[in-house]
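My notes follow the display.

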Amino acid sequence: MHLRPLLRPEKIRPSHLHWQLCRPQALLHRYRIFPITHIHTTASSKRPPANPRSLPLQTNIRRTMSVSSTQKSINIAVVGVGLVGSEFISQLLAFPSPSPFRLVALCSSKTTLFSKTGLTFSASGWKSDLAQSTEGVNLSDLQITLAALVQPGQKVVLVDNTSSDSVAALYPSFLQAGVDVITPNKKAYSGDLKLYEDILKASLDTGARFLNESTVGAGLPVISTLKDLVATGDKVKKIEGVFSGTMSYIFNNFSTGEAGGPSFSSVVSVAREKGYTEPHPADDLNGADVARKLTILSRTIPSMRQMLSEGFVSVQTTSLVPAALENIKTGDEFIQRLPEFDADFADMRERAAEEGNVLRFVGVVDVKNGLIKAELAKYPKTHPFATSLGGSDNIVMFHTERYGTRPLIVQGAGAGAAVTAMGVMSDLLKLI
Ligand SMILES: NC(=O)C1=CN([C@@H]2O[C@H](COP(=O)(O)OP(=O)(O)OC[C@H]3O[C@@H](n4cnc5c(N)ncnc54)[C@H](OP(=O)(O)O)[C@@H]3O)[C@@H](O)[C@H]2O)C=CC1
Ligand SMILES: N[C@@H](CC=O)C(=O)O
Ligand code: NA
């Protein structure tokens with residue numbers, strides 16, 4: 001087996017973006033059943049219709065959100081026009097007129113389009129206009145330009161649809177300038193603690209908001225649910241579930257509890273084609289994506305945030321990336337080499353199936369015991385993690401004082417462009 005060796009015993013702080021790594025086989029002997037008593041599906045995994053006019057009722061609701069004669073449109077600058085960014089722009093431009101939003105800037109990694117009165121596009125569309133722009137990308141300049149647009153009653157929003165650390169590092173300066181920040185990018189909220197604290201401070205100083213619903217569970221209401229639980233004084237005891245759309249898709253298809261099945265590398269490829277993976281699929285398979293999500297959730301719970309900032313808690317993370325593939329630079333090469341390890345993964349699957357189990361990649365934030373972990377575990381094939389999840393479904397169970405023995409459960413598609421962009425749009429609507 002060529003999986004990552006066990007690294008011990010140091011405590012690694014999520015604030016420094018490292019995770020304690022464990023070898024999955026060591027953990028596969030564990031057998032756990034969670035007391036699930038109620039499953040409430042809060043979001044559909046169906047892709048929303050591209051044209052809002054096809055839903056008259058929805059259109060009416062959205063029309064009430066359009067800007068009134070006294071209200072100014074919200075100026076929006078979008079950085080990152082990949083899978084999620086492109087879908088976000090489609091959803092934004094599909095808003096019925098008069099829209100409460102005005103798109104003032106678009107930035108790819110190479111070019112920029114800007115108009116303070118609102119961008120208009122040629123017949124060939126925004127993608128081609130952006131590609132043909134001769135203006136390069138300078139986000140410090142963009143910050144100064146957007147700051148100048150902030151006025152009393154005039155909101156300006158940066159929507160970061162990249163997975164870039166360097167864009168994330170600029171959030172405090174945008175927020176200090178009064179620009180709201182909305183993003184599905186996990187880097188700022190799960191990375192260096194100083195950056196996270198600078199974001200909180202800048203937001204407090206200016207009242208500019210930072211919203212990141214899509215960083216956990218894509219469009220599923222996970223962050224907003226947790227914030228509501230905390231803000232209303234409930235005590236969160238534990239959060240557990242399947243937090244990765246990629247890992248969910250992989251194991252829902254790879255490990256069904258029956259002998260045999262598709263190769264590991266083939267299901268990873270399909271997850272990538274469907275747009276569930278991070279730009280580099282190793283960031284999903286090494287558990288880092290789940291560890292980031294668990295860190296984001298933990299920082300939202302005051303007692304956990306305290307423990308994290310004091311270095312008392314680490315995120316124990318199981319990596320599924322074979323040691324030989326750890327330093328592969330591109331996603332394409334990683335996918336190309338993965339079949340070399342199919343036999344190892346098939347072996348894990350067969351051993352689980354022989355015991356009547358399936359493999360699932362789960363995450364736990366155990367507030368009571370100060371424990372955070374992302375791991376590959378075995379579950380009986382009758383367990384809800386085996387029977388109730390399909391596609392890229394996430395399931396997140398909040399065990400709290402008020403919810404007692406019946407956890408609050410959020411379940412539905414947890415990755416994919418349509419549902420992620422919807423989460424970004426829902427954050428935008430919170431500003432109206
Ligand atoms: N896909 C999903 O299901 C989900 C994704 N997310 C998050 O959403 C974000 C986007 O994901 P996704 O759309 O799938 O990824 P993509 O790789 O498709 O898109 C990211 C885009 O960001 C661009 N980019 C990178 N750095 C910069 C920069 N400095 N300035 C401007 N543009 C830049 C890239 O351009 P180029 O290609 O030229 O490098 C690329 O087009 C990520 O943070 C991801 O974690 C969150 C939840 C679910
Ligand atoms: N790669 C991530 C995308 C959403 O955060 C996942 O698979 O969950
Ligand atoms: Na979410």
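I began with the shell around ligand 1, and by class I found twelve nonpolar, 16 polar and two charged residues there, where Ala, Val, Leu, Ile, Met, Phe, Trp, Tyr, Cys and Pro count as nonpolar, Asp, Glu, Lys and Arg as charged, and the others, Gly among them, as polar. I note that this is a predicted model, in which local features need pLDDT of at least 70 and side-chain atom pairs count only at pLDDT 80 or more, while totals for chains, interfaces and linings use all residues. Residues are numbered from 1 along each chain as its sequence is written, and chains are lettered from A and ligands numbered from 1 in the order in which they are written.

Of the 30 residues around ligand 1, I listed Gly82, Val84, Ser109, Ser163 and Ala415 as those that come nearest (near: C-beta atom, placed from the backbone, within 6 Å). The elements giving two or more residues to this shell are α3 (83-93) and α6 (165-168), and α3 gives the most, with three; helices (H or I, at least four residues) and strands (E, at least two) are DSSP runs, numbered from the N terminus.

I then traced the open sheet, whose six strands follow the order β4-β3-β2-β5-β6-β7 with mixed pairing (strands pair if DSSP finds at least two bridges between them). β4 (112-114) and β7 (210-211) are the edge strands, each pairing on one side only. Strands β2 (74-79) and β5 (156-160) pair in the parallel sense over five bridges, and Ala77 has Leu158 in β5 as its bridge partner.
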